[in-house]
Amino acid sequence: MTSERLPIKAFIFDMDGTLFDTERLYRTMWFKLAPIRGFHIDDEMLDQMRGASLEYGSQVFEAANPGFSYATERAIRMEEVFRYVDREGVPKMKGLDETLAWLKAHGYKIAIGSSTRTPQVMHYLREAKMEDTFDFVGCGDLTTHGKPEPDLFLICAERLGVDPRACVVVEDSVNGVKAGYAAGGYVLGIPDMNDLSGLVDLCDAQIDSLDRIIPWMESLPKEISGLK
């Protein structure tokens, strides 16, 4: 945990695996397409790629699959994902609506800080009827230095008009937790499909689901949480 942080004024959420239960969907589609397209994919690779920049994902995928283009295979996978989402809707994580409503009611600014590109993020938000929910939506195409670098979270804080040290980053991935810590604010880890046990020192807390954010906030000293 970093020092010299400020009273909490904003929350910055990762999207995939944090707000929406899409990481499991991505995994399903990768394994569905692998035998059809002829590439190799395994959980170790997905763990490395999860929450990372597209550039880093390309390095991992193409190292295991010479002659394959990550961009091409990812685009095909996304077509499958979009078909599912258009048919079934975006699967929300437990406690999403209630937690965001509570934060907004208590005056906190909220943003998305996702490695995913803008068109995909906005597609999900429209499908979930949440396109007007957030004060700012920051996507992976805003910076060439993706997670685990802190740049995206720093951009989100700047657009919110909040010092990064007064922001809580909520993340499910190893790369995201590292980026949140490097940004200098508070970090909440929600492990979901990822093993964050080695990153305890980088998190202010690790919680089971989004609906644990409210009790965590209520447990903090009021000079930190800002609650009245």
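Reader: What share of the 228 residues of the protein count as buried?

Author: Keep in mind that this is a predicted model. Of its 228 residues, 52% count as buried.

Reader: And what does the radius of gyration tell me about the overall form?

Author: You set it beside the value for a compact globule of the same length. For 228 residues that value would be near 17 Å, and the protein has 17 Å, so the two agree. The C-alpha trace spans about 55 × 35 × 30 Å along its principal axes.

Reader: How many helices and strands am I looking at?

Author: The secondary structure comes to 10 helices and six strands. As for how the chain meets itself, take the contacts with a separation of 6 or more: 64% of them come from residues 24 or more positions apart.

Reader: Let's do helix packing. How do I read a pair?

Author: Two packed helices are described by the angle between their axes and by the distance between those axes. Start with H3, residues 54–64, and H4, residues 70–88: they pack at an angle of about 105°, and their axes are 9 Å apart. H3 and H4 are therefore roughly perpendicular to each other.

Reader: Which residues make that contact?

Author: From H3 you have Leu54, Gly57, Ser58, Phe61 and Glu62, and from H4 there are Tyr70, Glu73 and Arg74. By class, the residues where H3 meets H4 divide into three nonpolar, two polar and three charged.

Reader: Which residues of H4 meet H6?

Author: Arg74, Met78, Val81, Phe82, Val85 and Asp86 do, and they meet Gln120, His123, Tyr124 and Glu127 of H6. That contact has five nonpolar, two polar and three charged residues. On spacing, here's the general idea: an α-helix has 3.6 residues a turn, so residues three or four places apart point the same way. Look along H4 with that in mind, and note that Arg74 is part of the contact with H6 and also of the contact with H3.

Reader: On to salt bridges. How many are there in the whole structure?

Author: A search finds 16. For each one, ask how far apart the partners are in sequence and how accessible they are. Take Glu73 and Arg37, whose side chains meet at 2.9 Å, N to O. Glu73 lies in H4 and Arg37 in helix H1 (residues 23–37), so the pair ties together parts that are 36 residues apart in sequence. Glu73 is buried, with a relative accessible area of 3%, while Arg37 is partly exposed at 36%.

Reader: Which residue pairs with Lys147 at 2.6 Å, N to O?

Author: Glu171 does, through a salt bridge between the side chains. Glu171 lies in strand E4 (residues 167–171) and Lys147 in the loop between strand E3 (136–138) and helix H7 (151–160), so this pair ties together parts that are 24 residues apart in sequence. Glu171 is buried, and Lys147 is buried too. Asp14 joins them in a network of salt bridges.

Reader: Last one, H7. Which of its residues are buried?

Author: Leu152, Phe153, Ile155, Cys156, Ala157 and Leu160. These buried residues pack against strand E1 (10–13), E2, E3, E4 and helix H8 (174–183). Just after H7, Gly161 takes a positive phi of about 75°.

Reader: For contrast, is Glu4 buried or exposed?

Author: Glu4 is exposed, with a relative accessible area of 63%. You'll find Glu4 in the segment before E1.

Key. Residues are numbered from 1 along each chain as its sequence is written. This is a predicted model: local features need pLDDT of at least 70, side-chain atom pairs count only at pLDDT 80 or more; totals for chains, interfaces and linings use all residues. Side-chain values use heavy atoms; hydrogens and water are left out. Axes are lines fitted to C-alpha atoms, for helices over the stretch in contact, and angles run from 0 to 180 degrees between N-to-C directions. Helices (H or I, at least four residues) and strands (E, at least two) are DSSP runs, numbered from the N terminus. Angles under 35 degrees count as roughly parallel, over 145 as roughly antiparallel, 65 to 115 as roughly perpendicular and the rest as oblique. Contact means heavy atoms within 4.5 Å. Ala, Val, Leu, Ile, Met, Phe, Trp, Tyr, Cys and Pro count as nonpolar, Asp, Glu, Lys and Arg as charged, and the others, Gly among them, as polar. A salt bridge is a side-chain nitrogen of Lys or Arg within 4 Å of a carboxyl oxygen of Asp or Glu. Buried means under 20% relative accessible area, exposed over 50%, partly exposed in between (1.4 Å probe, protein chains only). The radius of gyration is taken over C-alpha atoms; the globule rule is 2.2 Å times the number of residues to the power 0.38.
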